[in-house]
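Me: Got a model open here. Can you walk me through some of the geometry?

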Amino acid sequence: MTNTWQDIKNANVVLVMGGNAAEAHPCGFKWVIEAKIENGAKLVVVDPRFTRTASVADYYAPIRPGTDIAFLSGVIRYLLEKDAIQHEYVRAYTNAGLIVKDGFTFQEGLFSGYNEETHSYDRSSWDYELDKDGFAKSDDTWQDPRCVINLLKQHVSRYTPEMVSRICGTPQDKFLHICDLFASTAAPDKALTSLFALGWTQHSVGAQNIRTMAMIQLLLGNIGVAGGGMNALRGHSNIQGLTDIGLLSNQMPGYLNLPTDKETSFDEYMKTKLFKPLRQGQTSYWQNYRKFVVSLQKALYGDAATQDNNWAYDWLPKLDVPLYDIIKAFEMMNNGQMNGYICQGFNPQQAFPDRGKIRRGLSKLKFLVTMDPLDTETSRFWQNFGPQNPADSAQIQTEVFQLPTTCFAEENGSLVNSARWLQWHWKAADAPGDAMSDIWIMSGIFHRLREMYRKEGGAFPDPILNVTWKYTDPISPDPEELAKEMNGRALADLTDATTGAVATKAGTLLDGFAQLRDDGTTASGCWIFSGSFTEKGNQMARRDATDPREQGIAPNWAWAWPANRRILYNRASADPDGKPWNPAKPIISWNGSRWVGIDVPDYGPTVKPSDGVGPFIMNAEGMGRLFARDLMVDGPFPEHYEPLESPVENVLHPKVRSNPAARVFADDRAAFGSPKDFPYVATTYRLTEHFHYWTKHALINAILQPEEFVEIGEVLAKEKGIDQGGWVKVSSKRGVVVCKAYVTKRIKPLTVDGKATHVIGVPLHWGFTGQARKGYGANTLTPSVGDANTQTPEFKAFLVNVEKTSAPTT
Amino acid sequence: MSDLQSQDYVRRSASTMTPPSARSHEDQVAKLIDVSRCIGCKACQSACMEWNNLRPEIGHFEGSYENPADLGPSVWTLMKFAEYENEQGNLEWLIRKDGCMHCEDPGCLKACPAPGAIVQYANGIVDFISDKCIGCGYCVKGCPFDIPRINKKDHKSYKCTLCSDRVSVGLEPACVKACPTGAIMFGSKTDMKDWAGERIEDLKSRGFDKAGLYDPQEVGGTHVMYVLHHADKPSLYSGLPDKPQISPVVMAWKGVIKPLALIGIALAALSGFFHWVTAGPNEVTDEDEAQGERVLREAESEKSS
Amino acid sequence: MPMTRREFIKFTGLGLAASSLGVLGFGASGVAQAAAVRPFKLTRATETRNTCTYCSVACGILIYSMGDRAKNARSNIIHIEGDPDHPVNRGTLCPKGSALLDIVHAPTRLRTPRYRQPGGTEFKDVSWDFALDRIARLMKEDRDQHFMTKNTAGTTVNRWTSTGMLAASAASSETAYLTWKVVRSLGMVVFDNQARV
C-alpha cells in the first residue's frame, strides 16, 4: 500500500477491482464504509462475481476474468479523450512529456525486440531519447509525436467502449458510468483509491494489470495524496515483511537484488545499480545502493567482510536464471533436479497450481521438512486420503520430517502490515507439547551444519563458517537482538562530514539509513528497517494512536518503513510550488524553508520547490512512469493478452493471443485445455470465513463454512440440470473436483465477442486435514503458468467443464 | 442474591406479582444493525460463539452461505442471505444478522410458564435464567421472530443474552465489538434511533427511498433494531416479519389460563428435575427424550384445558 | 465546545462503536448483575497485546490467559478479542480473527516432531535431536554433492539449487531475517514465500 488503511476514508471514489476487500480484509474495509459515511464516497466494484464487497457497493459491474487490462486501457482512452486528467500533475510529475526512442514500436500485439525462440524481448529500444549529457529529452508542450503521452494515446486508441465490452463482457453503459466516476477524481482536490489484491496479481499479465491502474492514478493525480494511491491489500500477516527482507529467490533484504552470474565482481554488480539521474538536478535515491549492500554484508559477515574481499561478494550465491520461483521449483522436482525441500509455515500441496504435479514433485524428493503449528496436507502428501489425495505410500521414497512450531500467541516479534507498519507483539503462553519456535529450529539446523562443516569440511564452507552469530543465546536468539541487527549499528565512530566531530559512537544503534556508509563502518541487516530499533528503544512497540486532524496517519503508532513515512510519494500531494492540491487534507507543504506536515516528507526535507526535483525520488527521472522503459519484461505499455487458457481468440491481434513473454514449461503447456473440452471460465478465490488452508483447523471457522463448493450461475445450472446444493463434477485438463454447487444469481453469463460466456467460482479453502469436511482444494484444477514478470500463478482465469453428478459413496 | 437481582427486573415470567424494578430509571439499551453496511462476514457469529463458548456441530454446505443451517441452542445469531433482484433488474444481496430482538413486549416471556425463567431487565434486555427453565418450549411458540431453541440434551431453552455478562461490566456485546464495518452498534435506545436517522438520510441520498428503521411497535418496539434499505418490505430480508405478532393463543394463555396451568407444569418440572439429579445431565437417553416430550405434552394439555 | 449527539457518537467511537456504555442498563447494580447474569469471565485474566496472525491488515488483539505468569503456573489462553486502541481495527475483528482461540487450541496443532521413513504408511514420533541431526546430515550430503562453485564459463557462482526452501509469511520479521541468513549462507537460491500465492 502506498497509503494507510485509515487513509482510505479520505477517498471520494473507492475502486475495488482485482480484489474482494470486504471478504478478504473486513477490518481494513471498515475504512471504505467510513469513506462512504463520512466523506460521501462512492464505492465501485468490478468483479466477475457479485461479491460481499459488491453487496455494499454504490455501483457494480461484471467483468470476464483475465480482461482487466482491456477494461482499464478503455478507461485511459476515455480519460484522454475527454481530457479528464489532472494536467498540472501529469505535466510536472509524470514522464508524459519525455521522448521515446525511435526504435520503439508496437505492431500486431508485439513490442519491438521480440524473439520468437526465447519468448522474450530485447528491451533496448524501450527507453527515452537522451541528450548529450545523458538526460532524457522532453517536450513539455506535448507536441512531439514521440513523447510518452502521445504514444500512450495511440496505444490505447483501440480500446473503445465497444471493444472493451466485446472483450470483457461488461455492458457498455456500466463501463461508461464507471469511467465517469473515475473522471470525477481528476479534480486536484478529489481522490480515488484503488484497492486490489490477488485478483490482479494472479494472472499471466498480473504485474501489467497493476501498472495499468497505476497509470490511471497518475493521470488523475491520485498518487501521493490523501485518499488516493495504489493499495495492494496483502495476504499473510507478514507477507510484506518477508518481501521487505527478501525471502525470495532473487532478493536480498531491502529490495537489493541478489547478484546474477553475469555480475562477476562487486564492481560489475554495482554498475547496473548506479541509477544515474535522467533529468538535471534530480535526486535518485538508489545512488546510495552501495552503502546498503556493504552495510548488509557487514551485518551478515562482520569482520570477515572487508574492502579486500569486496565485502565478501563471492559468498553470495549468483543466479543463472531470473527466478527460481515456485513453478520452476516444482518443474525441477518433477525433472529429478531437486532432492530436498523445506516448507516453513507453507502448504504447497494445497497452495500451488496443479496439485497433481505438486504431489508428483514432492514424491521425487529425497527429503521433505515441514515446520508448522498445524498438520498440513503437504506434510502428509504421501498418505492415501482417497480421491482427495490418491497417494501410493509404498512407492514414495521421500523421508518426511513434520516439525511442530509455535504460533503467533507464543512468541515475541514484529510483523509488517500492508501499510508497511512494523508492529511488535508479545508472547501470551507457551506452545503445546514440544513445539518450538522457527528461530530455534532454524538455529538448530544451522548449528549442526556448521559443526559438520567445521569438523568434516565440505563444499565451500566459508560463508557458513563466517556468518555472524553473536547472539546472547546462540541456540535461540532473542528476537530483539535480531531486530537490532536489522536496524543496524555503527561499527566505528562516525564523524560528521562537515565538522569532523563524532556524530555516532561505535556500537550505537543507528537512527536511520541516512547514516549508512559504504566503507564498512556501519552494519545494517535490512536498510529500510533502519530506525525501527534505535537507542531510544523499540520503535515498533510504540502505542501512541494520536492522529493529527484525524487524517489517518497516526505517526507515533508502531513504526513504518521507510523512515517512519506513512504515505509514499507524499511530495506529490502538493503542487510544484509546494501548496497542497487538496487544502482540506494536506500531507506536507513547503513553508518557505522546509517541508512540514503530518507525515515524514518523501523528499529532501529542505529541497526547494524551485529546484524542480521530481517527487518520485526512487526513479532515475524522478517522475511517475506512464511508459515503463525496460523495467517490465512484457512491454513498456500494458496490452490485453488472453489468459493462457481462454474461451476466445484475442480480438485485438489473433496471432498473439496470450502474453508472448510468459514462461511456459513444455509439460505445463501440454496440460492446458481447450474451450472445446472445457468451455467455462473458472476463477479461484477466498471466502471471508476462512484463511487459506489454516482455518479449516479452527472449529468455529469450520462451522461457518464447513464444506467444499463451487458457485454456478442460475442460467448455466439450468442448462446443465444442476440443483441448488446438488453434487457436481468440475474438471480441468489437470484434475477433477467433486463437490456441491451453489446455484446463484450473483454470477451471470457475460456476452463476450457475441457469445455467452459462463464463469464458475471456485473457493479454495478445502483439503484433507483439519476439522472442516474433507475436500480436494481448488488447485486440483489450476494451470501451472505464471505472470511473465513475477511468476505469480494464473489462478484467476482458466478453463473447466462442469457436470451434474451424484453424491460420492464414501 | 435473588433479592438484589430482582431490583433490575421489570418483568418476570409466570409471576403474578409485578417485580419491584427499583432500578427502572436505568437507560434502555439497544443494538442497532445497519444492514446497509453489513458485509455478511459472520464476525458476529464467530465472536458470539467464541465469547459464549458455543460450538454447534459442523454442518454441510446447503446451497447458501448460511451456516449453520438454522439458529440453535448453540447458535444464538445467524447471518441470513437473500439474493434479490430489484425493480430495475439489479441484484441486491440482502444480508441480515438474525437473533433475539429483545422485544419491549416479549412474547417468550409472556408464554413462559416457569416462574422467573425469563426476565426482562430495566435496560430492556430479555434474558433466559436457565436453572429455572423447564424446557417446555412455550417461549419458542410465543416468539414472533422464531428465535429460541430447546437444547435436546438438557431440555433448556437458549437464545442471545445480548451479552448481559459483558454489558454488566460496561462492555458492548461480543458481536458489536467484533463487527468490522460498524454495522452493529450498541448504546442507549435514543442514541441508536438518532444514529439510525442519519443513516436513513444517507441511504435516501443514495437512491433508497424506502430506507427506514425497523423497531416494530406490534411488540412495543425492540431492543435490537435494523436499518433497512427497504423498510417497506422487511420480509425481503430472509423473512423478517412485516408485522410481528405474538400468537393470540399466547395472549390468551397469559391473560386467563396461565395461573391455573401453573400447578401442573410445576409438578412436571419437578419430576424432570429429580430425573436430572439421578441420571445426570450429560447423556441424552431415550428416557430423557421421553421425559422431555412428556413435560411438553403435559404443558400442552394443561394449556388446552 | 457544544456537541451534537451525532458528534458525540463519532467522537467516542469514530463512528464505529457507540455511545457511553457506563450509563447503560446495569449502572450501579454491578454486584447484583454479577449474580443474575453469567459471571464475567475475564475478571482475573492476564491481558497480552499481540497482532492477528492472518491477513495483512494486522489487527491489534488482546489475548486473555488464565494464570498470572507465576513461576509455577502455566498460562492457558481462554479468549482473544480486538484491541480497541489499535488505529486500524479499533477493537473489531473479522470472523477469522474472532475465532483465533480455536486455531491456538486446534486439535490438529502439532505437539511433537514426527518422521516418516521412505515407503512408510505412517508417522512416528521422534526426538528433536533425531530430527535435526538427520535433516542437517541430509542437507549436507546434498549440498556437498550438488553445490556449484563455478559455472561452465568459469565464473564463481557459489549456488545450491538441489535443495530449496519456502519461508513462512506469517513468521515474524526476526524469524525471517534469521532464516534468510541461514539459507543464503548455504548458497540456496530455490527460495520463495507466499508473496505469489
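Me: What should I know before reading the numbers?

Reply: This is a predicted model; local features need pLDDT of at least 70, side-chain atom pairs count only at pLDDT 80 or more, and totals for chains, interfaces and linings use all residues. Residues are numbered from 1 along each chain as its sequence is written, with chains lettered from A and ligands numbered from 1 in the order in which they are written.

Me: How many residues does the contact take from chain A and from chain C?

Reply: Chain A puts in 140 residues and chain C 104. Contact means C-beta atoms, placed from the backbone, within 7 Å.

Me: Which helix of chain A gives the most to that side?

Reply: Helix α16 (residues 438–456) of chain A, with 9 residues. Helices are DSSP runs of H or I, at least four residues; strands are runs of E, at least two; both are numbered from the N terminus.

Me: And by class?

Reply: The side of chain A that touches chain C has 78 nonpolar, 41 polar and 21 charged residues. Ala, Val, Leu, Ile, Met, Phe, Trp, Tyr, Cys and Pro count as nonpolar, Asp, Glu, Lys and Arg as charged, and the others, Gly among them, as polar.

Me: Which strands do the 4 bridges join?

Reply: Strand β12 (residues 340–344) of chain A and strand β8 (residues 163–166) of chain C, running parallel. Strands pair if DSSP finds at least two bridges between them. A:G340 stands opposite C:T163 in β8(C).

Me: What does C:R196 touch?

Reply: Not counting residues up to four places away in sequence, C:R196 touches A:D325, A:I326, A:T790, A:Q791, A:T792 and A:P793. C:R196 lies in the segment after β9 (191–192) of chain C.

Me: Is C:R196 buried or exposed?

Reply: Buried, because C:R196 has 25 C-beta neighbours inside 10 Å. The cut-offs: buried is 20 or more other C-beta atoms within 10 Å, exposed is 12 or fewer, partly exposed is in between, with C-beta atoms placed from the backbone.

Me: Switching topic. Where is A:I712?

Reply: In strand β27 (residues 709–713) of chain A. A:I712 counts as buried because it has 26 C-beta neighbours inside 10 Å. Beyond four places in sequence, its contacts include A:A717, A:I722 and A:V802. The C-alpha atoms of A:I712 and A:V759 are separated by 7.2 Å, though 47 residues apart along the chain.

Me: What about chain B?

Reply: Chain B has 9 helices and 11 strands. Buried residues make up 53% of its 305 residues.

Key:
Contact = placed C-beta atoms within 7 Å.
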